[in-house]
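Subject: Structure handover

Hello,

My notes follow below it.

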Amino acid sequence: MIELLVGGVITLLGFQETVESKPQPQGAVVVNSQTGAMAQRERVSLEPMSQLQFRNVIRQAYDYSCGSAALTTLLDYYLGMNLEERQVMDGLLRFGEVDKIVERRGFSLLDMKRFVGALGYKSGGFKAGFEDLAGLEHPAIVPIHYAGFKHFVVVRDVYNDHVFVADPALGNISFTAARFQEVWDENILFIVFPNEAPLNSAMALSDKDLRILDDRTVNWLAFREFPQITKFMENEADELSSGGDKHYIRRK
């Protein structure tokens, strides 16, 4: 009887070692847990932080291409298109003002408006208050000035006194409401309106997004990714105004 018991234990241990030695799917780990006298093994899927950080965000390919990456993010993950940043850059160059794009080394909201119009979408540049931003039904591209540079990001939503954005340089990050209002450039936002509703937007907030990054972390990420980011949006408000695209949302 003892020999049979010992043999059974050896067989069980050998089976466990065999299971553990098999290649696990990428990102999967086996976790041991103990409940009373019962030992349990459970496979848990882990996702690298880098993948979570840039989930549903188009990462800008160049230090000057935050505008095209932000617009590609909006077109792909909100409007359901399947474009690459290179295609959007080509479209912005085709329908935008090439001389000004070259001079400022970047794209403007006016360039974006012309391009999305060619794609068949209505859009608009607005000047708004923070309460208007919190009540938006659509994600919006906004210019910000932060850590010494000017930049485009996509505002996904405002939740629990924090603004969650898709940043082409840093990924999914959040600002406190007070800090966002400090860095929001001229209170300008740009909205591309869907042709059909409702949309099952991949940019909607999920439980994974509800984490807070303080200013120190955001600042560290910014300097780590782009130590010297080109400043290229100095005359953004003037361009929108001259193109007849600036509208104003009155505060309630």
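Of the 252 residues in the protein chain, 42% are buried (buried means under 20% relative accessible area, exposed over 50%, partly exposed in between, with a 1.4 Å probe and protein chains only). This is a predicted model: local features need pLDDT of at least 70, side-chain atom pairs count only at pLDDT 80 or more, and totals for chains, interfaces and linings use all residues. Residues are numbered from 1 along each chain as its sequence is written, and side-chain values use heavy atoms, with hydrogens and water left out.

Overall figures

The protein chain has 10 helices and 9 strands. These are DSSP runs numbered from the N terminus: helices are H or I with at least four residues, strands are E with at least two. The accessible surface of the chain is about 14500 Å² (Shrake-Rupley method, 1.4 Å probe; for residues, only the protein chains shown count as cover). Carbon and sulfur atoms hold 52% of that surface. Take the contacts between residues at least 6 apart in sequence: 66% of them join residues at least 24 apart. Contact means heavy atoms within 4.5 Å.

Helix packing

Axes are lines fitted to C-alpha atoms, for helices over the stretch in contact, and angles run from 0 to 180 degrees between N-to-C directions.

α3 with α4. Helix α3 covers residues 66–77 and helix α4 covers residues 85–95. Their axes come within 9 Å and cross at roughly 115°. That makes α3 roughly perpendicular to α4 (65 to 115 degrees; under 35 counts as roughly parallel, over 145 as roughly antiparallel, the rest as oblique). From α3, the contact uses Ser68, Ala69, Leu71, Thr72 and Leu75. From α4, it uses Glu85, Val88, Met89 and Leu92. By class, this contact has 6 nonpolar, 2 polar and 1 charged residues. Here Ala, Val, Leu, Ile, Met, Phe, Trp, Tyr, Cys and Pro count as nonpolar, Asp, Glu, Lys and Arg as charged, and the others, Gly among them, as polar.

α4 with α6. Helix α6 covers residues 109–118. The axes of α4 and α6 are 8 Å apart, at an angle of about 100°. So α4 is roughly perpendicular to α6. Val88, Gly91, Leu92 and Phe95 of α4 touch Asp111, Met112, Arg114, Phe115 and Ala118 of α6.

α3 with α6. These axes come within 11 Å and cross at roughly 35°. The crossing of α3 and α6 is right-handed. Gly67, Leu71 and Leu75 of α3 meet Met112, Phe115 and Val116 of α6. That contact has 5 nonpolar, 1 polar and no charged residues.

Loops

Most residues other than glycine have a negative phi. Asparagine 56 has a positive phi, near 60°. Asparagine 56 sits in the loop between α2 (49–53) and α3, and is partly exposed at 25% relative accessible area. Glutamate 186 also has a positive phi, of about 60°. Glutamate 186 lies between α8 (177–183) and β8 (188–193), partly exposed at 43%.

Aspartate 161 is in the loop between β5 (149–159) and β6 (162–167). At 54% relative accessibility, aspartate 161 is exposed. Leaving out residues up to four places away in sequence, aspartate 161 touches Phe175, Thr176 and Ala177.

Best wishes

How values were computed. A crossing is left-handed if the near helix is turned anticlockwise from the far one by less than a right angle, and right-handed if clockwise.
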